[in-house]
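Please open the model in a viewer and keep the selection panel at hand.

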Amino acid sequence: MHIHVLASGSTGNAVLFSLGDNLILIDAGVSARRIERGMAAVGYRAGDLNAILVTHEHQDHIAGLEVLARRHCIPVYTRPKTWKVLACRDKIPPACVKEIDGEVNIKGVHIEAFPLPHDAVDPVGFCLYHRNKKVVLATDLGTITEPVEGALAMADALVLESNHDPEMLANGPYPAFLKKRIKGAYGHLSNQQAALLLTRIPRPPVMQVLLAHLSQQNNTPRLARETVGEILANKGVEREIKLYPTHPDTTSSVAVL
Ligand SMILES: [Zn+2]
Ligand SMILES: [Zn+2]
């Protein structure tokens, strides 16, 4: 079982999960061509995808969706409300338009959607269960909620947002309204919030965590890893949680232990 973060951040998100002989992509926020290339580089063909799951309608999660789904005829799952606001819906073959309300089974992979606090119509994260492993993706959330804590509990591997450093955001180039949006309850998690969340949830003996959706303006992979790592060390749990940084345009791969 492998997780390949093909792209991550405000410039586009696409995360590939290979679970046994299942291939599932969460979000297609960079061009179809980039996703195809990224998949080829780790030994897969886009045509072999069993499904694309879409978390929400923001452009950095759907930019390549229409072309990718149409070109390879891949079923696309998202919330009914999200389908309503996706302009590309009409261009995706009707047979590929699938709704996910709560849960769905795709070739032996059990998938659950859970709500995220974010400024989209019905944003979700996903839990994927395969054999005895649980992997979870939670990016684009402004605060820590009970459903989020519940969804992340006992995950073997996690793709978790660690969007910004609050000081870099405050002193950075973004306009005031955007700064407010990012740090708001429906914006994005800071490095500190991501760390706090990790210390609060029940975990297996080892939890692998890919720090994702890092801001290019208000964070760096190194700072995210160091900040989260320090907070985990202060709580004495740094050995139980293995951190992996991700990058906007290079693939980060992890074999789920
Ligand atoms: Zn978003
Ligand atoms: Zn996003």
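Donors are taken here as N, O and S atoms within 2.8 Å of the metal; water is not among the atoms, so sites may look incomplete. The model is predicted.

**The zinc site**

Begin with the zinc ion (ligand 2). Which protein donors does the zinc ion (ligand 2) have? Select D60 (OD), H61 (NE2), D140 (OD) and H213 (NE2), which lie 2.1 to 2.2 Å from the ion. Along the chain, these donors of the zinc ion (ligand 2) are spaced as D-H-x78-D-x72-H. The site of the zinc ion (ligand 2) is irregular, with angles of 93 to 165° among the four donor atoms.

Distant parts of the chain are linked here: H61 belongs to helix α2 (residues 59–62), whereas D140 is in the loop between β10 and α5, 79 residues apart. Are H61 and D140 buried or exposed? H61 has a relative accessible area of 0% and is buried; D140, at 1% relative accessibility, also counts as buried.

**Strand β10 and its partners**

Display strand β9 (residues 124–130) beside it: β9 and β10 run antiparallel and are joined by five bridges. F126 has L137 in β10 as its bridge partner. The two strands form a hairpin with two residues between them, and R131 in the turn has a positive phi of about 50°.

**The largest nonpolar core**

Select L152, L160, L198 and V209, the residues with the most contacts inside the largest nonpolar core, which has 29 residues. Elements that each supply at least two residues of this core include β10 (133–138), α5 (146–152), β11 (157–161) and β12 (207–212). Which element provides the largest share of this core? The answer is α8, with four residues. In soluble globular proteins, nonpolar side chains tend to be buried together.

Centre the view on V209. Leaving aside neighbours within four places in sequence, V209 is in contact with L158, L160, L198, I241, K242, L243 and Y244.

Turn to strand β7 (residues 103–106), where the side chains alternate. Strand β8 (residues 109–115) runs antiparallel to β7 and is joined to it by four bridges. E103 stands opposite E112 in β8. Two residues lie between the strands of this hairpin, in which K107 takes a positive phi near 45°.

**Helix α3**

Finish with helix α3 (residues 65–72). Its buried residues are L65, E66, L68 and A69. Show β3 (22–26), α1 (32–41), β4 (51–53), α2 and β5 (76–78), against which the buried residues of α3 pack. Just after α3, C73 takes a positive phi of about 55°.

Definitions and conventions: Residues are numbered from 1 along each chain as its sequence is written. Chains are lettered from A and ligands numbered from 1 in the order in which they are written. This is a predicted model: local features need pLDDT of at least 70, side-chain atom pairs count only at pLDDT 80 or more; totals for chains, interfaces and linings use all residues. Side-chain values use heavy atoms; hydrogens and water are left out. A nonpolar core is a set of buried Ala, Val, Leu, Ile, Met, Phe, Trp, Tyr and Cys residues joined through side-chain atoms within 4.5 Å. Buried means under 20% relative accessible area, exposed over 50%, partly exposed in between (1.4 Å probe, protein chains only). Contact means heavy atoms within 4.5 Å. Donors are N, O and S atoms within 2.8 Å of the metal (3.2 Å for Na, K and Ca); water is not among the atoms, so sites may look incomplete. Four donors count as tetrahedral if all angles lie between 85 and 135 degrees; four count as square planar and six as octahedral if opposite donors are over 155 degrees apart and all others between 65 and 115; anything else is irregular. Two strands pair if DSSP finds at least two bridges between them.
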